[in-house]
Structures are given as structure tokens and as C-alpha cells.
Amino acid sequence: MFAYTVRRLGFAMVTLWLATLLVFGALLLIPGNPAQAILGIDATPADLEALEARLGLDKPPVERYLNWLGGVLRGDLGQSIRYETSISQLILARLGITLPIVVASLLLATLIAVPLGILAARKAGSPIDLGVSMASLVGIVLPSFWVGLMFIYIFIVWLKLPLPTSFPIGGWENPERALAALVLPVLTVGLASASFLVRLVRGSVLEVLSQDYVRTARSKGLSERTVVYKHALRNASLPVVTVLGLEFAQLLIATVVVETVFGIPGLGSLSLLAISARDYPLVQGVVLVIAAFIVLMNLLVDLLYALLDPRVSYA
Amino acid sequence: MKRWLLIGVLALAGLTWAQQRGGSITIAIQTEPAAWDPTQVAGADISRVVYDNVLQGLVKRNPKGEIVPSLAARWVVSNSGLTYTFTLRQGVKFHDGSDFTAQDVLAKFARARNPDTRASGHLRPDLYRDIANITSPNPSTVVFSLRQPNNDFLFILSRPESLIGPSQRPLTEQRVQPIGTGPFRFAAWERGVAVRLERNPNYYVQGLPYLDRVNFRFLGDGDAQLAGLRAGDLDAIAYALLPENAVVLSRDPNFKVFSGSATAEAVAGFNNSRPPFNDVRVRRAITLATNKDELIQGAMLGYGTKIGSMRSPGEACYVDLSNFNAYNPDEARRLLAEAGFTNQNPLRFTFNLAAEFPYERRIGEAMVAQLNKLGPLQVTIQVTDFNTWIQRVFSQADYAMTIIGHVEANDTSNYANPRYYWRYNSPRFQQLYTQYLRAPNQTKACEALAAAQRLLAEDAAGVWTMSLPALGAYRARIQNWPDGFLTPAISVAEMWVRQ
């Protein structure tokens, strides 16, 4: 298993490097440059040229990429063009907001989706099953920016709950307020993920329940509870764990819509800003971090397989 | 008599006590600038926050657009218009405790005039080209000598580029944490979230400012702004309030909605150098096919002022041409037919929109719908992000038509630059603009500028759809919100909060 992990990490490095190369190339292809983004329409061509020189944009792309890569190998993600500050610090600050949202949302999603999914699978075809399916469909179909706005109006404007509508100025210096600001975003993202997850849980439990070993367990006279929770659930959890792992990495960026509605300075809005400002090093930094999370989550999921299913072995 | 005296004294006392000191407010602005020193980086949002609040210049524009004293207590212009003598305010300190001196003024304008922008890091040295030299005969006086008269000289000194920081301050630091002489000091920039300003206890105007803290929160989403204002997380939406949200808020007594003509013209610009827009008949036809009243009512719910040339009402030397080339679809079709475009052989072109600007996007989309209704026009919309727009449309002039708000005051001059993205090359206009700049007095200057505005309208060099409103809202307990919008700043110096 150790050798397997090391080999996977080696592949991961190559994957990460390819990702940065791809992103750098893509950024060169899209029109616009960071100096223009900064100066807008109130500056002259001479101003633009001077700023490009200051930002080092007059150097050839290959040189810029190699400089950046050299920095990364030394553990330095460089300076953001837009913000003139350390990229590592920017990303860390944003992860400090996005990670809690993502983790709490997935926790919430799991807590809702697993029991409901099992219930729906056990009562397949019943009104309960139908109800769960309908609710999850609604949850999938409704766009999260709309749901978020509705939550603001319902919980804050109507019910007057003391929740902020945006992340507080000063951030975690004011932990209670910051935490309160994450409640509705977590609810929005969590419910959306749960809607999608509940169908998966239902499907995989149903599939497992129709297998031979479950029939054997039932015919042995085991109680339905033991059959479902001891025998079926473990196998049904494999696809769910896979999806949760992928969902985790994806949500790091995908929360951007919710971040916009709730005024949250997370990783998603940072990447959006980085792209629209053509802040090349910042885009690359964010991509590198996200890609690292994806690789890490995949590895974690694979290792979990071995734990959940004794037939899987990485020896 | 005694009673009246008593009432008078009480009223006076009431006036002086009325302004309550202390408190903090949070104001939403739409975008987050890349830096905060307007001498180094351009952008309207920088000035909204720092102009006169943090950084000051010799003179400033007040909310009414008048040029008034700031760091210069007064000035004298020689009869020839060639010498400007400024008397500096004494005892002024920068936020870092150092004294503001004539040396800071000399150093600032030496930097501003330096044609080598790479070395100076200063924007727009072209603005200061007419300065022959600057001297300081004594510590409280600075004298500017010009090569030729320039009617815009005081205006140039009131521009954000002319703001003055400490001469010793490194540019890299001034960019991210500007130090000035204003009523507020720049306390912190939380990237992606807000800028925090704190009261300058040593401000030279006695008693000002009233507020202890002012936060400018970056919130791009109009609905998130509205929710924040109603929930109490925000005290004001400084500008770009969506018209539909303005209607909602204006019905609520807890909020005040303000709307007024600013200096932002929503210009649907042509590429004047490219066929068919090098043909004045086509440009005029498109102007005639545009129903500006309908755009103001339909796209902006009435918030906006009709204009007919490149200048906003309220700016000096404005001429009302709002009904020139007024909506007339028949005449538009006739002119297009003359230029060879009919329903059978329509004029096809692309109209570029930048995604990030809510007002211009809706005005542009509505305008294209109007043009397509005419018959001989087939216009397609292309929406890109602002950065792509700047590259293709603004820098390379690779476009047919587009729309964008020109926020700067006094920007009629843009048409005098044939390299500007409208590619409008009219020697007559350039001549009129020079006449305006070099005119011996204000009357003559305005005459020339009026003729220039008229020429633009006759040439239909663009479709000036409307002067965009300064549209925003604030909590009713905030007092002294400025009632004019002809300054680059959201001036917070005199605002106070009723407890």
C-alpha cells in the first residue's frame, strides 16, 4: 500500500505540472492582459506600456512561465499582479473560508442524504420514495443563486434572524459573526448537494439489496435492520464515497455562485477575479491548489476503497 | 424680544449640536480597484474612495462640480493666463505625521510631468505638457508657469491624477496604502472584502470629519447589495443601484434613494473609420432609429437624462442638444436607403457589450432591439468580458458599434484624439477643441466648446443615449449625503449619523 501511495503521488506531480502548463497556455490564448484590466479605459497607450514593464509582461511567455515554475519548486507561488501581495497568503485566507463551507455542506448533505436515500430504497415505489425523489428533483433543478437569495429573504428579512448577509469586514477577527455568515451558504450548498446525493444513495442501496448475498442474509432470518445496516450499506457506500470525494474538490470552486450571492470572499470568487483580471500567476496558483486537492481526494477515495472492501488491495 | 432671542440661541445651539460625532458606516461599491493611488493606476472606483477623503490636491471638485480650494487656500491667475500662483494652506500634516510642504508639490509635479512614465510611474504626463516650470518663491507659495494658456488647467489640477502624497513615500507602498492629508486615513485594505478608513484626528478643518470609521465594501451583485442594505449590513449603496431596486427602496421610509445627473455618458460609439460608419448618413440613421426616451423609461425605469452630444447637464459649457436628431424611423430608413441599405439588403453588423456593466448592458440590448425593429438593420449582440472588450474594442478598435459609460468629467476632448477607439478624425473638431483650450476667457472658451458639441451632434459621431444617473440609496439616519454628483468622490467628510 505504501509503494502504491508513493507511485500515485509521483503521478500526481506530473498531473499537476501538466495542469499548470495547460492553464498557462489557455491564458495566453484569451484576449486581454492584466495591465489593461488594471488601467481600464482612462489610460493612454504610454501608461499601458509602463505598467506592462513594471509587471514584467514585456518578457517572453516562456521566460515568465519558467520563472513562475522555479518559484513554485522553491515553495513560492509568487505575487498576485492584481493585488500586489503574496499568492500563498491570498489562497490560504480564502481556503480558510471556503474549506469550512465545503466541509460543513458535505457533512450536512451526507446527514440528510444517507438516511433519506436508504429510506427511499427500502420503501421503493411507495409515496415516501416518490416524495424523496420529487424533493431531490426540486433541489437539483432550482439554481443555487435563487435559493440563496430566497434564504436571505426568508431567514434574514422576514424572520429577522441575526445572520449577516455578507461575510463581515475583518473576517475571522469576529468569529461569531463570521461563523453566522456561513450558515445560509452552507444550507444552500448542502441542500443542493444532498438533493443530488440522495438519488445516488437510493440507487446504490437498491442495487445492493437485490444481490444474492442480501437474499441469503434475509433467508437466514436476519432482521431487515441488520441486513440493511450491516450487510448492504457497506457495499452501497462505495459509489457514494467516490462521489463525495469528487464533489469535495469540485465544490472548492463551484461555490462561486453562492459566494457572489452571500458576499463571501472564497476561493471561487478569487479564481473568477483572477481570470477576469488576467492575473496569470494567481490563476495558476489557484489551479495548482485545486488540482492538488482533486488528486489528494482521489487518492484518499482509493485508499478508502481498500478499507471498505477487503477484496480491493493495493499490494 | 427676549423670547425670540432665547429661541434664536437655542436654534443656533441646535445647529451646532445637530451633527453628532462618532459612529461608523459601511458603503457598498461595485468593483474592487487594483490599487489605491490614482497617480499610478486609473479607475473611477479608486477616486470614489480616496479622492478628497484620503488624498487631496491643490484644488478639488465639489459635488456641484465647482473647482474649490483644497491644499491651496487660494490662487491667482495672471491676466495672460500663463501664471498660476497658489498660496498653500499652512500647518497641514500627512497621515504619517510629516508636514505637507511646497517641496511635496514640486516633487509631485516633477514626477507628473516626467515623460518617461516607466521611471515616474505616473499616469498621463500628457495632461501636464503645458507646464513650463514650477517654482516655490517661499514656503507657502507655488507658482506654475505655462507655455500657453490652458482653460482646463485648474480642471487638470482637480483631476485624481493631480492628488498629492508625501514626496518621500515609496510608490509601491502608496499604491496599496495611500497616505494623504484628507479627513480620513487609509487604515486597511482587506482584499476581496473592503477598504477601511479611519478618522484623521489631525485634520486641518476644525470639527471634521464626524464619523470615526467608513468602510467601503466591494459587492458586485445588485441583489446582494439590496439584501445587505435591508438587513442592516450596509448603510448605503453608493452608485449603480439597479433601477428596479431603486423603485423598491424609494417606497421604504427607512431609506433614501438619490438620483441625479453625474458626468457619465452612456455612449453607443461607432468605429467612425470603418465602412459603413465612415458614412455620416448611416451614423445619423442609427441615431434617428434610437428612441432615447424609450431607453430611459424602458431600460432604466426613468432614471437617466437625455443628452444629444458628449457632455452631461451640470458640466460647464453644456449645450442642450437632447432633441437634435430626435427619434424618426422614417427619416432613418430614408437615409439608409440613400446609403444603399434596404429591408432586402440590410446593413448587418455586430454590437459589442461588456458583461460587467449592468446599465450599459441593458441599454445596449434595448437599443439593438430598437435598431432591429427598423427593417434595414440586422444587428447581432456579442457579449464579452470587460478585459476582452478593452483589448478588442478599446485598444485595437476592432469593432463596429459598442456602448460603454464614460464616467470622467469634461471628456468631450476624447473626440479630439483620432487614435481613440471611436476613430473620429475631424480636423474641424480638433480645431474647435484647441480654440476652447487656448481661449482668452471663459465666455470664448464656452463658445468654442458649444460649437464642438454641436459639430459632434451634426456628425452623429456617436449615439449619446443618456447621461447615466448617479443612482444609489442610503439609510435615512445618514445625514449630509452629497446632493450633487459632479465630483469623482463619494465625499464622506461631512457625513454624520443620527443616533
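Is Ile154(A) buried, partly exposed or exposed, and at what relative accessibility? The legends below refer to a predicted model.

**View 1. Ile154(A) in helix α7 of chain A.** The residue Ile154(A) has a relative accessibility of 33%. Ile154(A) therefore counts as partly exposed, since that class lies between the limits of 20% and 50%.

**View 2. A nonpolar patch on the surface that includes Ile154(A).** Among the other members of the patch are Val138(A), Leu142(A), Phe145(A), Trp146(A), Met150(A), Trp158(A) and Val257(A). Together, the residues of the patch have about 920 Å² of accessible area. Helix α7 of chain A (residues 144-158) supplies the largest share of the patch, namely five residues.

**View 3. The interface between chain B and chain A.** Here 47 residues of chain A are in contact with 52 residues of chain B. The two chains bury about 3700 Å² between them, and carbon and sulfur atoms account for 54% of this area. On the side of chain B, the greatest losses of area to chain A fall on Arg118(B), Arg191(B) and Asn387(B), which together make up 16% of what that side buries.

**View 4. Salt bridge between Arg118(B) and Glu49(A).** The side chains of these two residues meet at 3.9 Å, N to O. Between chain B and chain A there are six salt bridges, and 17 residue pairs are in polar contact, with both residues at pLDDT 80 or more.

**View 5. Elements of chain B that touch chain A.** Elements giving two or more residues to this side include α4 (117-120), β8 (184-190), α7 (222-231) and α13 (386-395) of chain B. The most is given by α13(B), with nine residues.

How values were computed. Residues are numbered from 1 along each chain as its sequence is written. Chains are lettered from A and ligands numbered from 1 in the order in which they are written. This is a predicted model: local features need pLDDT of at least 70, side-chain atom pairs count only at pLDDT 80 or more; totals for chains, interfaces and linings use all residues. Side-chain values use heavy atoms; hydrogens and water are left out. Patches are made of residues with over 30% relative accessible area and no salt bridge: like charges are joined within 9 Å, nonpolar side chains (Val, Leu, Ile, Met, Phe, Trp, Tyr) within 5 Å. Accessible areas come from the Shrake-Rupley method with a 1.4 Å probe; for residues, only the protein chains shown count as cover. A salt bridge is a side-chain nitrogen of Lys or Arg within 4 Å of a carboxyl oxygen of Asp or Glu. Helices (H or I, at least four residues) and strands (E, at least two) are DSSP runs, numbered from the N terminus. Buried means under 20% relative accessible area, exposed over 50%, partly exposed in between (1.4 Å probe, protein chains only). Contact means heavy atoms within 4.5 Å. Buried area is the accessible area (1.4 Å probe) that two parts lose on being put together, summed over both. A polar contact is a pair of N or O atoms within 3.5 Å; within protein, one must be able to donate a hydrogen and the other to accept it, and residues adjacent in sequence count only if both atoms are side-chain atoms.
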